[in-house]
Amino acid sequence: MKIIILGAGQVGGSLAAQLASEANDITVIDTDNVRLRELGDRLDIRTVHGKGSFPTVLRQAGADDADMLIAVTSSDETNMIACQVAYTLFRTPTKIARVRESAYLTRGGLFHNEAVPIDVLISPEQVVTNYVKRLIENPGALQVLDFAEGKAQLVAVRAYYGGPLVGQELRFLRQHMPGVDTRVAAIFRKDRPIIPKGDTIIEADDEVFFIAASRDIRAVMSELRRVEKTHKRVIIAGGGNIGERLAEAIESRYQVKIIEASKARADYLSKNLDRSVVLHGSASDRELLIEENIEEIDIFCAVTNDDEANIMSSMLAKRLGARKVMTLINNPAYVDLVQGGEIDIAISPSQATIGTLLTHVRRGDIVNVYSLRRGAAEAIEVVAHGDGRSSKVVGKSVGQIDLPPGTTIGAIVRDDEVLIAHDSTVIESDDHVILFVIDKKHVRDVERLFQVGLTFL
């Protein structure tokens, strides 16, 4: 595909790296020459210096025959105007834009071809808010991903010393939990992927990705790690867009406190939030944290736009007794550096957002794409179409399908039923198939596998 990306920041740069590795024709536009040079030196892409909403700049980037425009600059207005120009002058088929301000997002009927022609809206703040909310709702999980509108979930946990399944072969999972059907989709051991087989032995500290019906997730997690008590008390450090949205999303079920450094913003939050307690101060203020009984807090969640502030306040909160700390980190280089030590979960907004973008870039009827392990692996939900003559998967059992190397089918969602994939499970037309791809270079092969032949069309 010929794709133009506006914005060479964290999201734009990460997306360019991801898509360039899949043999797409990528052009990145930005006003920052230094960023463009860094990207151009590192990746096999074209770069254009200029303002992405200008018609001349878009034409220089190849908008005349581009398949897709992805506008992810830091300015909502630039992103929206670029999509308008791409539609009006170049008839670009697919236009994706990052729009952050809720003032735009809450206006019905604003985004369509007769008004502002954007096909897909991406709101990173909302994506990250949903991501953090799922982690709070699933104590002990490192990552929680929804499929088939929440009917099935893929969950990552770290296996612990003395856990019931540690030291056991995977085939014993069924004996341990005869009433629960689940499948281990992948295991990462010391950052190295292991394709799970029946005789694979789970070791302590393994990062285990398993898939199950949402109602069974807690039961499976209890086999791999100590079941943590349900969270009750949450402190959110930072009352920006993410902090405010997170508080709104969870304040009816949890005791929430927000620490905000700006007096004006703190006043605004106290007027607009129903139940959350708003504190004006610094999240790195030791006395303030002690005063607010940090040792009784279940989750400390740092979501300011300053990585260093988030890391330092999280480490301080953990040392003072917070049970679990989650930290928003924009710089991908920091994520692996800090996670697993005093910081329990490092959240990368660009990785969370990229999954949403990839859903619309992939070929075929793909419903969800999640980028895992900092982009090394992917979880994909794809709808199977056709029949035994036109499709390579419909009418075949999972064991008969010639899957690309390192790819596993974890589950199939048929109407409201979640079927954990076994070799004898037969795929039917309109099934939602959930796959785990350990090596991203095989994503194109997965797409081709689910494409329908001419007899169906």
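In this predicted model, Arg-91 lies over the face of Tyr-87. The distance from Arg-91 to the ring centre is 4.5 Å.

Aromatic rings also meet one another. A pair of aromatic rings is described by the distance of the centres and the angle of the planes. The structure contains three aromatic pairs. One of them joins Phe-188 and Phe-209, whose ring centres are 5.8 Å apart. Their planes stand at 70°, over the 60 degrees required, so this pair is edge-to-face. Phe-188 belongs to strand β9 (residues 182-189), and Phe-209 belongs to strand β11 (residues 207-213). The pair therefore ties together parts that are 21 residues apart in sequence. Phe-188 and Phe-209 are both buried.

Phe-209 also forms an aromatic pair with Phe-436. Here the centres are 5.3 Å apart, and the angle between the planes is 55°. This pair is tilted. It links distant parts of the chain, with Phe-209 in strand β11 and Phe-436 in strand β22 (residues 432-437). The two residues are 227 residues apart. Phe-436 is buried, as is Phe-209. Through these ring pairs, Phe-188, Phe-209 and Phe-436 are linked into a cluster.

Beyond its neighbours within four places in sequence, Ala-377 is in contact with Phe-188 and Phe-436, among others. The contacts of Ala-377 also include Tyr-370, Ser-371 and Leu-372. Ala-377 lies in strand β19, which spans residues 377-383. Its relative accessible area is 0%, so Ala-377 is buried. The C-alpha atoms of Ala-377 and Pro-193 are 9.2 Å apart in space. In sequence, these two residues are 184 residues apart.

Helix packing was examined next. Two packed helices are described by the angle between their axes and the distance between the axes. Helix α6 (residues 124-137) and helix α9 (residues 241-250) have axes that come within 9 Å. The axes cross at roughly 45°. α6 and α9 are therefore oblique to each other. The crossing of α6 past α9 is right-handed. On the α6 side, the contact is made by Glu-125, Gln-126, Val-128, Thr-129, Val-132, Lys-133 and Ile-136. On the α9 side, the contact is made by Asn-241, Ile-242, Arg-245, Leu-246, Ala-249 and Ile-250.

Another helix, α15, covers residues 443-449 and contains Glu-447. Glu-447 has a relative accessibility of 4%, and therefore counts as buried. Residues up to four places away in sequence aside, Glu-447 touches Arg-362, Arg-363 and Ile-366.

Positive phi values occur in two loop residues, Ala-148 and Asn-293. Phi of Ala-148 is near 50°, and this residue is not a glycine. Ala-148 sits in the loop between β7 (143-147) and β8 (152-158). Its relative accessibility is 6%, under the 20% limit, so Ala-148 counts as buried. Asn-293 is likewise not a glycine, and its phi is about 55°. Asn-293 is placed in the loop between α11 (286-291) and β15 (299-302). With a relative accessible area of 35%, Asn-293 is partly exposed.

Technical notes. Residues numbered from 1 in each chain as written. Predicted model: local features only at pLDDT ≥ 70, side-chain atom pairs only at ≥ 80, totals over all residues. Heavy atoms only, no water. Phe/Tyr/Trp six-rings, centres within 6.5 Å; stacked < 30°, edge-to-face > 60°. Helix = DSSP H or I, 4+ residues; strand = E, 2+ residues; numbered from the N terminus. Buried < 20%, exposed > 50% of the residue type's maximum accessible area, 1.4 Å probe, protein only. Lys NZ or Arg CZ within 6 Å of the ring centre and 35° of its normal. Contact = heavy atoms within 4.5 Å. Axes fitted to C-alpha atoms, helices over the stretch in contact; angles between N-to-C directions. Parallel < 35°, antiparallel > 145°, perpendicular 65-115°, else oblique. Left-handed = near helix turned anticlockwise from the far one by under 90°.
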